[in-house]
Amino acid sequence: MYGQNNWFNRGGHEFIVCRHQAIPKYARKEEYEVLMSILKQKYPLYYDTMQNIYGNDGSSARCNAKNMFVTTGKELNEYCTFLFDVLFECRKQIGDVERKNKRYNALFAERLFTVYLITNKKRYKEVDIKYDRKFLTFSKIIINRLPFHGNSKLLSKLRPLVYKGSWRL
């Protein structure tokens, strides 16, 4: 549908991502060690990058967290192939843990995304995400860039959620 001249590729970016942030150490050391052993065994280059960014405890001043990004289908497929291979192996080894917070795969994915970008030298642009109903910057970028028809049902549903007051695309 879209060629090389679409809006996304104009800036030469392969990904648009949330601005990096500091991330605390991973709370369950034994789970983090499982992740690291999988990377070391199956993806040594990713393991080296993970060590450089997060060290032995999973903390870093530089993490593109939130598991939110925009990319092309090709890039998404490449990233998901790596990501889900690692996460499924983690699930096999760690299993369904007996605790209130079972989000370890999501927390691993936040760390692995940054590792993926850096290891593969992906070109990306960081944007701010604001959680205020007035300024959902990320959503505005998407809505303003997608080729909606003026009377689109999807667009009419998105407008009130993202913008307050009158506006035009």
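**Cysteines and a helix pair**

A: C18 is buried, with a relative accessible area of 2% (buried means under 20%, exposed over 50% and partly exposed in between, with a 1.4 Å probe and protein chains only). C80, by contrast, is partly exposed at 24%. The model is a predicted one, in which local features need pLDDT of at least 70 and side-chain atom pairs count only at pLDDT 80 or more, while totals for chains, interfaces and linings use all residues. Residues are numbered from 1 along each chain as its sequence is written, and side-chain values use heavy atoms, leaving out hydrogens and water. A search of the whole structure for disulfides (cysteine sulfur atoms within 2.5 Å) finds 0.

Turning to helix α4, which covers residues 104-119 (a helix is a DSSP run of H or I of at least four residues, numbered from the N terminus), we find T114 in it. T114 is buried, with a relative accessible area of 1%. Leaving aside residues up to four places away in sequence, T114 touches I53, Y54, R62, C63 and N64, where contact means heavy atoms within 4.5 Å.

Helix α4 also has a partner in helix α1, residues 29-42, for the two axes come within 11 Å and cross at roughly 50° (axes are lines fitted to C-alpha atoms over the stretch in contact, with angles from 0 to 180 degrees between N-to-C directions). On the α1 side, E31, Y32, L35 and L39 meet Y104, F108, R111 and L112 of α4.

How values were computed: Helix = DSSP H or I, 4+ residues; strand = E, 2+ residues; numbered from the N terminus.
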